[in-house]
Amino acid sequence: MPIFTKEKFSNLAERKATSRGKSLYSVLNEAKVELKTSSKIGIFLSHSHKDKNLIKEVISFFKGVNVSVYVDWMDDGMPEKTSGETALKIKSKIITNDKFILLATNDAVISKWCNWELGIGDTFKFSKDNLLILPLSENSGTWNGNEYLQIYPRIESVIQNGNEIYDTIFRIKYPDGTTKWLHEWIKE
């Protein structure tokens, strides 16, 4: 399975931002503004806060396919301290965004919040084919994905002639082995 490593994914995101004349930090700042005003297709990004350093890369990756990304800690309307109100607001954002993506790192797989969010996403997005996982392994290539993650479609790179093509082509691979291009899934 061609899972991205964090390093390769970060390099890809940097190249995508640069090709649009942006830095990863400017992409993050634009996303914060867009969060309040966007009418683009929206993705709720479930992630471990331990992976906060990867968020600018994820946003850059999806901006390359003209999608806005909702990240809870970028939302000024979220409570400063985690509470039941936080859970209600997150649940509402999962429901109101068009798509749900779990940034499935080793830290996310063990996060109680990510697992809770995935359960909400499963309830409201999975049957409509609006839920994906984006598995990112450690740079060593290890990924501790749990068995239950195998039931969800995932974003992966495409291998052509034995080489991964990172810059232009991404696909969704479903558990039954069928595939779909990422840009098609986003438009649906």
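A salt bridge is taken here as a side-chain nitrogen of Lys or Arg lying within 4 Å of a carboxyl oxygen of Asp or Glu. By this criterion, a search of the whole structure, which is a predicted model, returns six salt bridges. Side chains of opposite charge can pair when their charged atoms come close.

The protein chain has 188 residues, of which 48% are buried. Its secondary structure consists of seven helices and eight strands. Of the contacts between residues at least 6 apart in sequence, 67% join residues at least 24 apart. The accessible surface of the chain amounts to about 9500 Å², and carbon and sulfur atoms account for 50% of that area.

Glu156 takes part in two of the pairings described here, one with Arg154 and one with Arg171. In the pair with Arg154, the N to O distance is 3.1 Å. In the pair with Arg171, the closest N and O atoms are 2.6 Å apart. The latter pair links distant parts of the chain, with Glu156 in strand S6 (residues 154–160) and Arg171 in strand S7 (residues 163–173), 15 residues apart. Glu156 has a relative accessibility of 1% and therefore counts as buried, the cut-off for burial being under 20%. Arg154 also falls in the buried class, because its relative accessibility is 16%. Arg171, at a relative accessible area of 22%, is partly exposed.

A further salt bridge joins the side chains of Lys180 and Glu188, with an N to O distance of 2.9 Å.

Asp129 is located in the loop between helix H6 (112–124) and strand S5 (131–137). Most residues other than glycine have a negative phi.

Definitions and conventions: Residues numbered from 1 in each chain as written. Predicted model: local features only at pLDDT ≥ 70, side-chain atom pairs only at ≥ 80, totals over all residues. Heavy atoms only, no water. Helix = DSSP H or I, 4+ residues; strand = E, 2+ residues; numbered from the N terminus. Buried < 20%, exposed > 50% of the residue type's maximum accessible area, 1.4 Å probe, protein only. Contact = heavy atoms within 4.5 Å. Areas by Shrake-Rupley, 256 points an atom, 1.4 Å probe, with all protein chains shown as cover.
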